[in-house]
Amino acid sequence: MKQFSLKDIDALEKLYRINLINSCSGFKSANLIGSISKKGEENVAVFSSVTHIGSHPPLLGFFCRPTTVTRHTYENIKKTGVFTLNHIHTSIIEAAHHTSAKYDREISEFDMTSLTSEYKENCIAPFVKDCPVQIEMEFKEEYPIKANDTILVIAEIKQLYINEALLEEDGFINLSKGNVVAINGLDAYNTTVLKQRLEYQRPKK
Ligand SMILES: Cc1cc2nc3c(=O)[nH]c(=O)nc-3n(C[C@H](O)[C@H](O)[C@H](O)COP(=O)(O)O)c2cc1C
């Protein structure tokens, strides 16, 4: 097997290191975060660090890169307390990926891509239309990560919208059925196939 020590990793060419370390944690979730400024400027951006924090209360989190440059998603969330999560599916991969481009605050990624914003009930932040899973989130807490100046943002699920075809009897969301993709590294979008579900495990007697 090819081996990399921390010393080797430190000495790698930058792009190679970024690709290598972004891939080594495994497949990641693929979400578009929709947010809005106080002035009403829409924003949508791709995030691969959205993760489960706990079920009761229903909490999800994501990591925001260092705020050394302006991070519109983070700023909007801090000012409005609300954002949406929208699962990326095979039909919108290229548009979703393009939302990582650094546009000025007043330019909406919805206008620069084929993505369409959608508003539901009282949520002021935009959802991404036609995503099979759409979630309204309310900001709860943030934790600065001293090791690399990132920020862990923790938020609570306020409304969960799921395409009914994906929702199974026991509450399981079959993401593969909705063609939801998984991210490998920084730029590789993968389709998934559900192989098997297994029962809750107890110690062997
Ligand atoms: C596949 C992919 C995954 C990304 N995941 C994250 C992430 O988890 N956290 C983050 O801060 N930025 C992430 N980014 C970068 C943001 O998409 C990018 O900085 C974007 O411009 C943020 O937009 P904003 O300034 O409007 O918030 C990712 C980019 C790509 C292409």
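Is glutamate 106 buried or exposed? In this predicted model, glutamate 106 is exposed, and its relative accessible area comes to 57%. To find glutamate 106 in the structure, look at the loop that runs between helix H4 (93-98) and helix H5 (109-112).

Glycine 40 and glutamate 106 are 66 residues apart along the chain, yet 9.4 Å separates their C-alpha atoms.

## The ligand and its pocket

The ligand sits in the largest pocket. The elements that contribute two or more residues to the shell around the ligand are strand E3 (42-47), strand E5 (59-64) and helix H3 (72-80). Of these, E3 supplies the largest share of the shell, with 4 residues. In total, 20 residues surround the ligand, and the closest are Val46, Ser49, Phe63, Arg65 and Thr73.

A polar atom in the side chain of arginine 71 is 3.3 Å from a ligand oxygen. In threonine 73, a side-chain N or O atom is 2.5 Å from an oxygen of the ligand. As for cover, the ligand taken alone exposes 640 Å², and the protein buries 94% of that.

Cysteine 131 is in no disulfide either, and the nearest cysteine sulfur, that of cysteine 123, is 14 Å away. Cysteine 131 counts as buried too, with a relative accessible area of 7%.

Most peptide bonds are trans, and most residues other than glycine have a negative phi. Against that background, a few places in the backbone deserve a visit.

Start with the peptide bond that joins histidine 56 and proline 57: this bond is cis, with omega about 5°. Proline 57 itself belongs to the loop between strand E4 (51-54) and E5. E5 is also one of the elements that give two or more residues to the shell around the ligand.

## Two aspartates with positive phi

Aspartate 130 is a residue other than glycine with a positive phi, near 75°. You will find aspartate 130 in the loop between strand E8 (127-128) and strand E9 (133-145). Is aspartate 130 buried or exposed? Aspartate 130 is exposed, because its relative accessible area of 58% is over the 50% cut-off.

Aspartate 149 is not a glycine, but it has a positive phi of about 65°. Its place is the loop between E9 and strand E10 (150-162). Aspartate 149 is exposed as well, with a relative accessible area of 56%.

Technical notes:
Residues numbered from 1 in each chain as written. Predicted model: local features only at pLDDT ≥ 70, side-chain atom pairs only at ≥ 80, totals over all residues. Heavy atoms only, no water. Buried < 20%, exposed > 50% of the residue type's maximum accessible area, 1.4 Å probe, protein only. Disulfide = S-S within 2.5 Å. Near = heavy atom within 4 Å. Polar contact = N/O pair within 3.5 Å; in protein donor to acceptor, adjacent residues only side chain to side chain. Areas by Shrake-Rupley, 256 points an atom, 1.4 Å probe, with all protein chains shown as cover. 1 Å grid on protein atoms, 1.4 Å probe; cavity = no way out; pocket = protein on both sides within 12 Å on 5 of 7 lines; lining within 4 Å. Sits in = over half its atoms within 2 Å of the grid points.
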